[in-house]
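I opened this model to look up its ligand sites, its cavities and a few points of backbone geometry. My entries follow in the order in which I made them.

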Amino acid sequence: MTPFAYHLARDPADALAALTAPGGNTPLGAASFLAGGTNLLDLMKENVARPMRLVDLNQLALARIEETPAGGLLLGALARNADTAYHPLVRSRYPLLSAAILAGASPQIRNMASNGGNLLQRTRCYYFYDTGTPCNKRSPGSGCAARGGLTRLHAILGASEHCIATHPSDMCVALAALEAVVHLRSARGERQLAFADFHRLPGDTPQHDNTMAADELITHIELPPARYAAHSAYLKLRDRASYAFALVSVAAALALDEGGRIVSARLALGGVAHKPWRQPEAEAVLAGKPPEAAHFAAAAAVLLAGARGESVNDFKIPMARRAIVRALEVAAAGTPGPACGEEER
Amino acid sequence: MNDLIQDLQSPVADAGTGFVRVGMPVSRVDGRAKVTGEARYAAEHPAHDLAYGVVVGSTIARGSIAGFRLREALAVPGVVEIITHENRPRMRSFDLFYKDMTAPAGAPFRPLYDGEIHFSGQPVALVVAETFEAARYAASLVAVDYLPQQHETNLMAHLARSHKPKPLKAGFSPPPDERGDAEAALLAAPVRIEAEYYSGVEHHNPLELFASTVIRGEDGHLTIYDKTQSSQNSRWYVSRVFGLGKDKVTVRNPYVGGAFGSGLRPQYQLPLAVMAALQLRRSVRVVLTRQQMFSLGHRPETLQRIKLGADHDGRLRAIVHEAVAETSRYEDYVEVVVNWSGQLYACDNVKLLYRLVALDQSSPMDMRAPGAAHGVHALEVAMDELAWALRLDPLELRLRNYAEQDQMKGLPFSSKALRDCYEQGARRFGWARRPLAPRSMRAGSELVGWGMATGTWDAMQMFARAGAVLHADGRLVVSSAATDIGTGTYTAMCTLAADALGLRLEQVMFQLGDSTLPVAPIEGGSSHVATVGSAVAGVCEKLRKRLFRMARRLDNSPFAKARFDEVEFAGGGLRLRRQPSVAMSVEEVMAAAGEARLEEKYLMLPKVLKQKQYLRATHSAVFCEVRVDEAFGTVRVTRVVSAVAAGRIISAKTARSQVSGAVVWGISQALHEETHADHRLGRFMNHNLAEYHVTVNADVGDIDVIFVDEDDRIVSAIGAKGVGEIGIVGVAAAVCNAIFHATGRRVRSTPMTPEKVMAPEGDVSVSAAL
Ligand SMILES: Cc1cc2nc3c(=O)[nH]c(=O)nc-3n(C[C@H](O)[C@H](O)[C@H](O)COP(=O)(O)OP(=O)(O)OC[C@H]3O[C@@H](n4cnc5c(N)ncnc54)[C@H](O)[C@@H]3O)c2cc1C
Ligand code: SF4
């Protein structure tokens with residue numbers, strides 16, 4: 001771990017000023033915001049992240065969860081994942097988000113992890129974490145050791161020759177399906193980014209996970225008015241029942257009309273790409289159809305079009321196809337309540 | 001010699017615990033010290049002149065070091081020294097001096113001895129600084145130039161160059177010669193199965209990181225707190241490697257946070273810390289990181305092939321069991337993988353083969369039930385395959401081939417209550433209701449399957465000494481340089497001693513974990529209770545006799561006419577069996593006799609001549625229920641019943657914990673644990689607890705442990721055999737067999753991760769029964 005300076009920010013303006021103050025942006029590593037620290041501190045201990053200054057956000061008044069005039073919900077960037085998942089309004093209106101958060105990490109980590117940090121957590125690619133190996137995301141231009149190597153965790157969609165990493169978040173898969181909006185602030189002012197535009201594909205610059213500028217702060221995540229509370233499901237497939245990242249995950253949400261036909265559908269995949277994977281064309285397949293397996297399979301085929309494995313992870317393609325169908329079936333039958341014991345996982 | 005070592009922090013049961021008997025479920029005497037943090041582990045011992053060492057590991061798997069660039073690292077404020085092979089203090093050169101008590105054949109790895117690289121992650125430098133933070137930062141700045149050579153780390157790519165291992169390792173015996181003519185009998189057998197079984201590398205991940213704190217006294221004496229399964233093995237190793245007299249080094253390990261074989265051999269942080277302490281003439285601590293622990297030994301990747309031939313009625317006609325495992329290039333790490341197949345079932349034609357492939361890896365290392373965990377696994381999965389080929393109940397197949405005696409030499413078993421394990425386990429599980437055919441049971445979107453397997457392990461005994469001091473106030477201190485890696489040694493020994501003298505548990509202290517204590521073996525192989533426990537029983541027996549003689553000689557002694565076998569020790573002293581009101585407390589006897597302390601020593605030597613006339617083993621029967629969602633290959637183990645025959649159970653609660661913990665690890669072996677190597681880099685890659693998956697609470701359903709009655713006075717004077725390893729053997733096989741019963745698909749590779757279990761394309765209905 002590299003020695004670093006520490007600044008406890010008073011408010012957003014102070015945080016932004018401290019981030020860009022002189023001495024922060026050195027060749028070794030820029031200044032970094034610190035939220036729950038559950039990802040950043042690990043990366044620092046492994047010498048993957050080497051910030052010269054930590055700007056602690058934990059005193060900022062950004063931990064609230066409140067309703068928007070439009071009828072949606074505003075999630076503070078510093079609200080903890082656990083508090084978000086258990087918030088009554090989130091549970092009742094966005095059970096998909098609750099389920100996705102609770103499918104992630106462990107209770108201890110969810111208690112520390114913040115919503116903003118969750119969006120910005122880095123890939124779990126083994127090579128990214130091991131400074132003894134080449135990795136374009138960690139040190140651009142050094143090569144991608146994962147290709148042709150251990151790729152169980154890696155992408156089947158949207159990868160490039162420079163990087164085949166996946167984004168590991170569960171929460172973000174639900175946020176993508178729910179069409180959340182990310183609120184950003186910097187010295188230049190405030191702006192909003194649609195969730196689909198927030199994370200990016202690796203291309204030839206895999207060091208960038210998202211489209212945020214280096215000097216921006218996430219202040220909130222906004223959820224549009226709820227449409228899918230009655231028919232949603234988060235299905236996560238992983239190596240063990242808790243405390244493992246998704247091999248494949250699906251956020252499925254359906255709005256049904258009175259006759260039981262699908263009015264609109266939302267589908268996003270986790271564990272398969274550098275960003276939560278969504279294709280409006282796949283969702284369009286379902287619009288106006290009855291919630292039946294054949295249509296679900298057709299949507300899966302569109303969502304997975306172009307999927308390509310790295311041999312070790314070929315299994316993710318059929319796994320994802322089946323998971324999409326299963327998640328849609330579960331959603332169609334009605335949002336499941338929290339499984340017994342699930343909250344302790 | 002037996003005086004109390006005051007600063008060893010030996011735990012004592014809470015006041016009010018009271019009288020205990022062998023076999024009772026006694027709570028850990030070290031429990032309070034552990035949960036309050038009072039118990040100090042190897043990295044937690046303070047010293048006023050402590051320096052901190054951080055290890056730098058190699059990034060290549062084979063080659064040599066061309067040079068170091070240390071300027072930047074040395075410039076970090078607080079850095080005291082960077083030790084490499086170029087500037088290390090004097091170490092012995094001969095291989096022999098590096099052989100610890102459990103070393104296999106070969107030339108042990110000599111840390112920082114020279115510039116050769118034998119495995120990825122090998123320590124190449126130790127950065128020592130005034131603070132841990134400075135050392136860690138400087139370590140990240142150490143630059144090493146390598147001259148790499150082509151490495152080979154892939155067992156499966158190098159099977160062709162396997163060799164016959166040198167068999168020299170404590171506890172190892174090579175496969176016996178062929179019995180009968182296995183291949184011919186196989187050809188003649190009407191029913192045959194043949195299959196290959198693969199098991200991946202597993203690494204030790206005890207909670208406590210490997211660490212050594214070397215505290216240097218003013219006279220240069222080194223007191224070393226080491227994470228080890230034997231203080232005396234580490235002491236011996238340090239003395240020999242650095243040429244330090246026995247009285248110059250004391251090693252301690254009063255508390256060990258898990259080890260399961262990883263602490264049998266001294267690990268490299270020990271010589272590195274000693275090296276730094278000698279060079280800098282001050283105290284030094286070295287703690288490995290979790291990542292660095294993946295450069296220590298591991299359960300070796302192993303490929304096995306089994307052929308079974310049987311009559312139509314299920315009688316085994318032939319067993320062929322071959323295994324090829326990896327080892328390092330510098331040692332022949334060996335373990336008993338195939339021999340079990342010649343022992344567990346009655347069969348006249350058995351051929352066993354065990355070979356090694358030397359790779360550019362660190363030497364593999366014993367891990368709970370080494371060899372048996374995957375060797376018996378393969379046999380027990382093969383038996384299940386045979387049972388299905390015969391359309392026979394898997395338990396019935398085992399019973400039809402029950403071995404009544406050792407089949408090589410015709411020796412009887414010293415005791416074998418395996419039939420009871422089968423019967424009681426099956427009853428508790430409800431096995432009789434199992435439909436024979438796979439895919440017969442379903443619950444919602446999941447298929448349900450029931451599987452079973454047999455387990456076996458050796459019942460061993462070593463030699464040990466114990467000392468005991470009984471004080472006038474009724475306190476008893478018993479000691480032996482034993483180890484408690486969390487298994488419950490403290491509790492079992494205190495229970496034995498308290499029972500022997502009829503004392504309250506809180507009157508007894510057991511001192512272990514110091515190399516100057518009476519000789520004890522390494523805690524391993526499930527022999528510690530049988531060994532140290534028998535020594536403790538022996539020394540207590542001497543105390544009992546002395547107390548009795550003292551009591552009888554007193555003026556007007558109530559025991560004047562009693563014989564020794566007419567008294568019992570209970571209620572805090574001795575009393576007449578026939579007339580318990582005739583009693584004297586220990587304190588009364590000591591006071592009346594005017595004794596301040598009674599001291600005894602005992603040397604427990606196994607009765608080898610007698611033991612050799614018997615086959616000595618522990619057994620188990622494991623029954624398990626799984627639920628499999630075959631669309632995704634996800635497996636839940638909902639229920640396990642493990643029935644164990646392991647001799648007399650000394651400490652029922654800690655023994656039960658051992659077995660249920662072992663079941664959890666067995667589930668882990670079955671479904672989760674594997675270290676993935678990138679063979680292009682020659683490096684293990686999932687080296688952290690987020691990506692090296694071990695079973696978590698949510699993966700574990702009900703575990704029911706049964707100890708069947710067994711009392712084996714041939715294995716040990718106290719009737720005990722040992723429960724450390726047996727609990728894991730067979731668990732993974734039971735899971736595998738249950739998965740087959742659920743899905744009709746056989747997974748012959750562990751861990752059985754989702755992609756191996758999920759139904760092939762086109763072969764599944766995804767829809768859940770909603
Ligand atoms: C063992 C383990 C298992 C896990 N399993 C899962 C899982 O199964 N599913 C899952 O989804 N997640 C999982 N996680 C990840 C966990 O969800 C993230 O680590 C967590 O959400 C990060 O939040 P944090 O507040 O701790 O972020 P930090 O570690 O504090 O920060 C992460 C990054 O975000 C930046 N940052 C934080 N807040 C802001 C802000 N407001 N504006 C701008 N930048 C900001 C920081 O500078 C840093 O770069 C796991 C983590 C661990 C350690
Ligand atoms: S996949 Fe991406 S993160 Fe992993 S090694 Fe390649 S470049 Fe690095």
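Which residues come nearest to ligand 1, and how many residues are around ligand 1? I found 34 residues around ligand 1, and Phe33(A), Gly37(A), Thr38(A), Ser114(A) and Asp170(A) come nearest, where a residue counts as near if one of its heavy atoms lies within 4 Å of the molecule. Ligand 1 lies between chains A and B.

Before going further I noted the conventions. This is a predicted model, in which local features need pLDDT of at least 70 and side-chain atom pairs count only at pLDDT 80 or more, while totals for chains, interfaces and linings use all residues. Residues are numbered from 1 along each chain as its sequence is written, chains are lettered from A and ligands numbered from 1 in the order in which they are written, and side-chain values use heavy atoms, with hydrogens and water left out.

I then looked up polar contacts of ligand 1 (pairs of N or O atoms within 3.5 Å). Asp170(A) places a polar side-chain atom 2.7 Å from a nitrogen atom of ligand 1, and Lys236(A) has a polar side-chain atom 2.9 Å from an oxygen atom of the ligand. With Ala244(A) the contact is made by a polar backbone atom, 3.5 Å from an oxygen atom of ligand 1.

For ligand 2 I listed 14 residues around the molecule, of which Cys125(A), Cys135(A), Cys144(A), Cys163(A) and Ile164(A) come nearest. By class this shell has 10 nonpolar residues, 3 polar and 1 charged, with Ala, Val, Leu, Ile, Met, Phe, Trp, Tyr, Cys and Pro counted as nonpolar, Asp, Glu, Lys and Arg as charged, and the others, Gly among them, as polar.

I counted 11 cavities of 30 Å³ or more, a cavity being a set of points, on a 1 Å grid over the protein atoms alone, where a 1.4 Å probe fits but cannot get out, and its lining residues having an atom within 4 Å of a point. The largest cavity holds about 260 Å³, and of its 20 lining residues Phe109(B), Arg265(B), Pro266(B), Gln267(B) and Tyr330(B) are the closest to its centre. Its lining divides into 12 nonpolar, 5 polar and 3 charged residues.

The second largest cavity holds about 110 Å³, and among its 13 lining residues those nearest its centre are Arg152(A), Asp239(A), His672(B), His676(B) and His693(B). I sorted that lining into 4 nonpolar, 5 polar and 4 charged residues.

Last, I checked two backbone details in chain B. The peptide bond from Thr750(B) to Pro751(B) is cis, with omega near 0 degrees, and Pro751(B) sits in the loop between strand 33 (749-750) and helix 17 (754-757), where helices (H or I, at least four residues) and strands (E, at least two) are DSSP runs numbered from the N terminus. Ala369(B), although not a glycine, has a positive phi of about 55 degrees, and I located Ala369(B) in the loop between strand 18 (350-359) and helix 8 (372-390) of chain B.

Notes: On a 1 Å grid over the protein atoms alone, a cavity is a set of points where a 1.4 Å probe fits but cannot get out, and a pocket is an open set with protein on both sides within 12 Å along at least five of seven lines; lining residues have an atom within 4 Å of a point. Grid points are joined across faces, edges and corners, and a volume is the space filled by probe spheres set on the points. A polar contact is a pair of N or O atoms within 3.5 Å; within protein, one must be able to donate a hydrogen and the other to accept it, and residues adjacent in sequence count only if both atoms are side-chain atoms.
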